[in-house]
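User: I would like to go through some local features of this model with you. Could we begin with the helix ends and then turn to packing?
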Amino acid sequence: MKKLYAAMMAFLLCIMVAGCGSTPATNAISETETEDGRITIGFSQLGAESDWRSMNTESMKTTFSTARGYNLIIEDGQQKQANQITAIRNFIQQGVDYIVLAPVTENGWETVLSEAQDAGIPVIIVDRMVAVEDDSLFSCWVGSDFELEGKKAAEWLHQYSILNELAPETLHIVNIQGTLGASAQLGRTKALEDAAAEFGWDLLEEAPGDFTQAKGEEVMAELLDKYSQLNVVYCENDNEALGAIEAIEDAGRVVGSDIANGEIMVLSFDGVNRSAVQYAVEGKISCITECNPLHGPRVEAIIEALEAGQTPEKFEYVDEAIYSCFDQITELTIQNQSYPVTILTPDMPEL
Ligand code: GYE
């Protein structure tokens, strides 16, 4: 158990050190190499909306560096599917060896993926999913189980409410959603809605915050004006949570887990942004469900398998932790599976 804890801490700290919130978003970079013997990868990244995304782009750049034998062409879709489709068409024209797609939303990929298939270029989907009838349009997918992440957050809240004798109908919840139609939004929203229906929570409103701090703040300010009884905000990523906290404090309210005494509880996802993790240590964010962005090495393992003529798993889900400073919930059980909660303490090194 101690070893597991140490390993999780090491991972968390590694993310915290690498994931400084002030890192600017990555812009489109095009690096082309003509040297033979290199594997050329066209990566259509959906945008640069969050710290998670920046770290995800970084992970791809570090893994697929020239020094490591790759040509990486990255195109930033700037949150627009049309840009991503154009990028994929350009990759096909350039005759890249692999296309890696991090799709902004799930629908509408059939045509362009068929074009890649006709050109004989394998497509690897990372992070969010594509919703296509024909699975053969992509080689495989790697990313997170977003609905499971949402279930973990909801179960944490459920346990907290039991331990603190908070009646379900006294939990007045708002959801600041991610980009509508993105897998991360769909899964996290569904888990909250299901839990609200199951436990009888008062889910006041769900509004999109586009996974950004600015929108998170704006939406939270509006929700605070609208609902004086609001006492829990479920933010579908850390950047939205940072924005929501600003709005709550600007409104003269206090963030924290002590709902009975008027605090507003913040729940969040990712665990990448340094300030958000620090807030979780201090209890300003009650619980962060980890979403791991380090997909570069995972995509590389898939490419190595394909190069070796093997068939990688069609869907590869990443294991993820749960972080909280509230030390009375140490484990969550979801569908008979148990997940440990990593308890954050202020005496952790590097904080
Ligand atoms: O949680 C959020 C980002 O798709 C998992 O997108 C990703 C989500 C991540 O903007 O921060």
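User: Which residue caps the N-terminal end of α9?
Analyst: This is a predicted model. In it, the N-terminal cap of α9 is Asn-273. One of its side-chain oxygens lies 2.8 Å from the backbone nitrogen of Ser-275.

User: And what comes just after α9?
Analyst: Gly-283 follows, with a positive phi of about 85 degrees.

User: Which residues of α9 are buried?
Analyst: Within α9, which spans residues 274–282, the buried positions are Ala-276, Val-277, Ala-280 and Val-281. These four lie on the same side of α9, because the arc they cover around the axis is only 150 degrees.

User: Changing topic: at what angle do α2 and α10 pack?
Analyst: Helix α2 (residues 51–63) packs with helix α10 (residues 296–307) at about 45 degrees, and the axes are 8 Å apart. The two helices are therefore oblique to each other, as the angle falls between 35 and 65 degrees.

User: Which residues make that contact?
Analyst: From α2 there are Ser-59, Met-60 and Thr-63, and α10 contributes Gly-296, Pro-297, Val-299 and Glu-300. Sorted by class, the contact comprises three nonpolar, three polar and one charged residues.

User: Staying with α10, is Ala-305 buried or exposed?
Analyst: Ala-305, which lies in α10, has a relative accessible area of 13%, so it is buried, the cut-off being under 20%.

User: What is Ala-305 in contact with, leaving aside neighbours within four places in sequence?
Analyst: Ala-305 is then in contact with Gln-310 and Pro-312.

Definitions and conventions: Residues numbered from 1 in each chain as written. Predicted model: local features only at pLDDT ≥ 70, side-chain atom pairs only at ≥ 80, totals over all residues. Heavy atoms only, no water. Buried < 20%, exposed > 50% of the residue type's maximum accessible area, 1.4 Å probe, protein only. Arc of directions from axis to C-beta. Polar contact = N/O pair within 3.5 Å; in protein donor to acceptor, adjacent residues only side chain to side chain. Axes fitted to C-alpha atoms, helices over the stretch in contact; angles between N-to-C directions. Parallel < 35°, antiparallel > 145°, perpendicular 65-115°, else oblique. Contact = heavy atoms within 4.5 Å. Nonpolar A, V, L, I, M, F, W, Y, C, P; charged D, E, K, R; others polar.
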